[in-house]
Amino acid sequence: MDTSLKLGTIWGIPIGVHASWFLVFFLLVWSLSIGYFPEEYPRLSPMVHLILALVTSLLFFASVLGHELGHSFVALKENIPVRSVTLFIFGGVAHIGQEPRSPGAEFRIAIAGPLTSLLFSLLFGAIWLISREVHLLAAPVIYLMRINLILASFNMIPGFPLDGGRVLRAIVWWLTKSFTRATRIASLSGQFIAFGFIAVGVYQIFSGQLMDGLWLAFIGWFLQNAAATTFSQLNMQEALRGVTVSQAMSRDCVEIPSLTPLSQLIEERILSGGQRCFYISDEGQLRGMLTLRDITKVPQPQWRFTTVGEAMVPLSQLIQVNPWTELLAALQLMDNHNIAQVPVIENDQLVGTLTREQVMHYIRLRAELGI
């Protein structure tokens with residue numbers, strides 16, 4: 001999920017906010033300021049209600065961030081990279097760089113989030129017990145206690161990709177010794193629960209509870225889509241198991257001299273030929289790679305005065321694979337570095353290119369052939 005606004009980093013993990021978060025934040029502030037706080041504090045002015053709603057909403061989303069950082073902290077302890085944490089319409093998500101290596105690691109990472117939310121609930125409950133006589137603190141704190149308890153409980157529903165679904169996968173993985181079977185069971189459980197949410201949401205819509213029903217159906221749709229995607233990814237991984245880069249890569253490598261002007265390359269190779277990726281070499285010596293992304297970093301007025309050698313990514317900075325690398329490992333490498341293609345190098349010689357498009361084409365061919 002792309003981040004619209006970056007907030008900073010914690011433990012080296014980029015923290016960001018997706019555009020959809022602002023909609024939910026606005027709706028939560030609006031709901032608290034015209035509903036919850038006027039009922040709790042009828043004698044206070046609307047401005048005070050709004051300020052309380054803003055502060056309470058920010059503390060709630062700080063709790064959501066804490067939930068995701070709970071996952072992230074344990075993942076880092078398990079030596080699993082965390083690419084980012086993003087707040088979005090349904091709360092938050094920690095982007096874990098790879099699957100856990102054992103059922104125990106999966107369980108510990110999955111349970112850390114709900115436990116963190118439960119701790120927040122207990123913390124706010126303790127604050128309420130200590131400060132309930134403070135008029136302006138009581139209602140916000142009791143709300144935060146309840147909402148964190150709801151967050152912990154909801155996430156423990158045993159359907160993938162919720163934390164409870166990951167706990168379920170860890171348990172099945174431990175019992176069956178099969179990550180594939182565990183993932184399949186957890187994702188099917190997630191889809192079953194998601195359809196249940198959708199059914200209840202539709203029932204509420206026809207019962208006159210329009211907004212609650214729409215929201216529940218929307219959550220169900222999101223969960224079903226995520227669980228189905230996980231199921232599809234599992235099938236793809238099974239299809240690619242044992243396949244090497246050499247079976248999917250392209251051997252047609254376009255090599256360009258380093259002194260070629262960018263403007264010439266764009267006119268003759270990109271606009272006319274539709275090519276998107278180039279290798280820069282001089283006298284048979286590979287020097288680097290140039291993609292459309294690299295070209296866009298150069299201001300357009302400078303294209304005529306910039307060579308491809310100046311705009312390229314040097315060979316020493318390129319992520320590389322060899323022909324015998326497993327295709328799944330190469331895909332993971334591209335995913336971790338957010339790149340769409342990698343050079344295939346053998347004995348210090350360029351022998352091909354692997355792109356995401358080529359991998360998808362290879363998968364489609366296997367599907368058409370029934371392999």
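Which residue in S4 is the bridge partner of Ser 84? The bridge partner of Ser 84 in S4 is His 95.

This is a predicted model, in which local features need pLDDT of at least 70 and side-chain atom pairs count only at pLDDT 80 or more, while totals for chains, interfaces and linings use all residues. Residues are numbered from 1 along each chain as its sequence is written, and side-chain values use heavy atoms, with hydrogens and water left out.

**The sheet**

Strand S3, which covers residues 82-88, pairs with S4 in the antiparallel sense over 6 bridges; two strands are said to pair if DSSP finds at least two bridges between them. Both belong to an open sheet of 4 strands with mixed pairing, ordered S1-S2-S3-S4. Its edge strands, each of which pairs on one side only, are S1 (5-10) and S4 (91-96). Helices (H or I, at least four residues) and strands (E, at least two) are DSSP runs, numbered from the N terminus.

**Aromatic pairs**

Rings of Phe, Tyr and Trp (its six-membered ring) pair if their centres lie within 6.5 Å, and planes under 30 degrees apart count as stacked, over 60 as edge-to-face and the rest as tilted. By this rule there are 14 aromatic pairs, one of which is the tilted pair of Trp 11 and Phe 73, at 5.5 Å centre to centre and with 55° between the planes. Because Trp 11 lies in the loop between S1 and strand S2 (13-17) and Phe 73 in helix H2 (residues 46-77), this pair ties together parts that are 62 residues apart in sequence. Trp 21 and Phe 22 form an edge-to-face pair, because their ring centres are 5.1 Å apart and their planes stand at 80°. Ring pairs also link Trp 21 and Phe 22 with Phe 25, Phe 60 and Phe 61 into a cluster.

The table gives the accessibility of some of these residues, where buried means under 20% relative accessible area, exposed over 50% and partly exposed in between (1.4 Å probe, protein chains only).

| Residue | Relative accessibility | Class |
|---|---|---|
| Trp 21 | 9% | buried |
| Phe 22 | 41% | partly exposed |
| Phe 73 | 39% | partly exposed |

**Thr 183**

Thr 183 has its place in helix H6 (residues 179-206) and is buried, with a relative accessible area of 3%. Its side chain reaches the backbone oxygen of Phe 179 at 2.9 Å. Leaving aside neighbours within four places in sequence, Thr 183 is in contact (heavy atoms within 4.5 Å) with Arg 169, Thr 230 and Leu 234.

Definitions and conventions
A polar contact is a pair of N or O atoms within 3.5 Å; within protein, one must be able to donate a hydrogen and the other to accept it, and residues adjacent in sequence count only if both atoms are side-chain atoms.
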